[in-house]
Amino acid sequence: MRGVRHYPGFLALTLVCLTVLYAPLLVVTAYSFNGSTSITQWGGFSWRWYADVFTGPESARFGLAARNSLTIAVLAATAATLIATAASLAMVRGGRFRGRTASFALINLPLMVPEIVTAVASLIFFTMVGLRTGYGTILIAHITFCIPFAYLPISARLEGIEPFFEEAARDLYASRFRAFTQVLLPLMAPGVISGWLLAFIISLDDFIITNFVKGAGMETLPTAIFGSVKQGIKPNIMAISTLMLAASAAVVTLSWLINRRGQRSP
Amino acid sequence: MAAAIEIIEVVKRFGATTALESLTLSIADNEFFTLLGPSGCGKTTVLRMIAGFEPVSAGEIRLFGQNIAALPPDRRPVNTVFQHYALFPHMSVIDNVAFGLKMKGVDLAARRARAGKMLEMVHLSAFAERLPAQLSGGQQQRVALARALAPEPRVLLLDEPLSALDLKLRQAMRIELKQLQQDTGITFIFVTHDQEEALTMSDRIAVMSAGRLQQVGTARDIYETPLNRFVADFIGETNLLPVDVEAISQDASRVRLPGGGALTVPGTATPGRHTLSIRPERLVPDPAGPLKARLERVVYLGTDLHLMTRLQDGSGLVVRMQNSARSALPAAGEVLSIAIEEGAARLLAD
Ligand SMILES: Nc1ncnc2c1ncn2[C@@H]1O[C@H](COP(=O)(O)OP(=O)(O)OP(=O)(O)O)[C@@H](O)[C@H]1O
Ligand SMILES: [Mg+2]
């Protein structure tokens, strides 16, 4: 069979795609090291905008937003991972129960519904039940849309674990609970960890839903960046963006490495 | 003293399919008991019900006289050696072996000492700190054995534990397993579809087919006095001859052989068509023999020879002979007279 790379125009198409995808990132990353105050004129290599991020006039605002983003991402990823783990156990190990298909659809719903719809619906819902928008509503919304992202790697991992390990544990006098904690959970761990990391990234990165449910005066890093860009793009935004890109890449790489290690030793 | 395991009229259904139809068995304490049967006959299902992974659909299982229906697997003093071993991949060999003791609440020093002793018993002391993935199949099998024996169960269930090993290792493990059972005094229930394995190790064998018990007995019983066609055919090799029962005395029957000869065999049956089972090694070429058969070919087996012959009525007959230089080999096409050793022919129930 001929490989895909033998199709005519393969190389050109690949280059176009890569350019469209990555050229903007390269530009942002390169210009974050720009020494001038212009965003289009190159003024030599410099760390000044990174210094500006941490000490400049906007540093307090971005610092607070970053702290909100991080704590929300950690809390949302943790809650979503717990829920997704329980859901995986029910879906993969729970046998056939009524509403199984419906549950599966429900878990994955946030992947299917357009984000803007979820955003509007969440805001309306919070208003209707009388919840004041702010940190709490952001957290609730993030937990909800993080669940399917945590669920996918966890359930995939669980499906790959033969049920005879749990049976062996039960046979050797482990209660249901200890069979889970001593045997199943350690075997699931790579899936659980990469589920958490994925949820973490998704939460850290979210803008649309957050922007709707955050309320006045509350900022996460993406909404703060958006707010700042509305007044014109300054080079410090490029430095912040580059930092976020680096953090995301690090987390995704970590998640991938953990998953790969898990696959090698089932 | 109560039997180790009593299985009383146990039925097992999976939805519409019936995996076991009313099984009744009694297994004595300290016995090496084998469940033997072809794939899909329900052997694993029996073990899983004893271990507690599957509930019975009807009937009762008693362990030393106690009905165990209500006990979950972790409350039954029964351990399993799984077919694929199911060693915990994230634990070292010694932690695997000590797992049952840990769950039973034995303290660290005591369980490590006992696990160490178990590893010594299966000659794996040098591998204590390795992960299961770093062991060969045979070594994993012995770890699984040590792990199941460490908590001193009253009954050990073994589900085809040797099937993944090569022939030489399998033969060596048969002897080791038997020795281990005698040394520990634990009741072994061993599952296999390999009749040779069953014959060499077991105190008693239950032959199963399609969810039904066919015969229970010692290796000698089931080999020499098979009750029915399935058992005769499944255990070892046999010749099944169609015969007519002509006369019945107290405990013997007179049968007409294919080709006209007559023979008196132990056991009684209703007059009419029946099947006679005769092992190939109990047939001998003999000018005075009642069977006349044409030799078609000779199959060389090393220590033995198989004479593939055909009777006048067209049914095949295999005669097994020792391969010795002293006797001259008959030639293909020759018509031989064949004698049946005294008491070697069994009249089958079906
Ligand atoms: N969980 C199940 N659901 C439905 N049918 C089952 C289940 N487990 C076993 N069976 C059926 O019950 C019958 C007996 O299965 P079992 O596994 O006990 O056979 P076995 O004698 O151990 O065979 P093998 O030698 O292949 O392991 C088979 O027909 C099988 O398809
Ligand atoms: Mg089986």
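Helix α8 (residues 176-205) of chain A spans only 38 Å between its end C-alpha atoms, whereas a straight helix of 30 residues would span 44 Å at 1.5 Å a residue. The expected span is 1.5 Å times one less than the number of residues, and helices (H or I, at least four residues) and strands (E, at least two) are DSSP runs numbered from the N terminus. This is a predicted model, in which local features need pLDDT of at least 70 and side-chain atom pairs count only at pLDDT 80 or more, while totals for chains, interfaces and linings use all residues. Residues are numbered from 1 along each chain as its sequence is written, chains are lettered from A and ligands numbered from 1 in the order in which they are written, and side-chain values use heavy atoms, with hydrogens and water left out.

**Helices of chain A**

- α8(A) bends by about 55° at Ala189(A), and Pro190(A), a proline, follows within four residues; the bend is the angle between axes fitted to the seven residues ending at a residue and the seven starting there.
- Helix α4 (residues 100-112) of chain A has 13 residues and should span 18 Å at 1.5 Å a residue, which agrees with the 18 Å between its end C-alpha atoms.

**Surroundings of ligand 1**

- The shell around ligand 1 (residues with a heavy atom within 4 Å) includes Phe14(B), Ala19(B), Ser39(B), Thr44(B) and Glu160(B).
- Helix α1 (residues 43-51) of chain B gives the most to this shell, with three residues.
- By class, the shell has three nonpolar residues (Ala, Val, Leu, Ile, Met, Phe, Trp, Tyr, Cys and Pro count as such), two charged (Asp, Glu, Lys and Arg) and five polar (the others, Gly among them).
- Oxygen atoms of ligand 1 lie 2.7 Å from a backbone N or O atom of Gly40(B) and 3.2 Å from one of Cys41(B).
- An N or O atom in the side chain of Lys43(B) is 2.8 Å from an oxygen atom of ligand 1.
- Taken alone, ligand 1 exposes 630 Å², of which the protein buries 58%; accessible areas come from the Shrake-Rupley method with a 1.4 Å probe, and for residues only the protein chains shown count as cover.

**Chain B as a whole**

- Chain B has eight helices and 20 strands.
- The C-alpha trace of chain B spans about 75 × 50 × 35 Å along its principal axes.
- Of the 350 residues of chain B, 50% count as buried, meaning under 20% relative accessible area, with exposed over 50% and partly exposed in between (1.4 Å probe, protein chains only).

**Met103(B)**

- Met103(B) belongs to helix α2 (residues 93-103) of chain B and counts as buried because its relative accessibility is 8%.
- The C-alpha atoms of Met103(B) and Pro151(B) are separated by 9.6 Å, although the two residues are 48 residues apart along the chain.

Definitions and conventions. A polar contact is a pair of N or O atoms within 3.5 Å; within protein, one must be able to donate a hydrogen and the other to accept it, and residues adjacent in sequence count only if both atoms are side-chain atoms.
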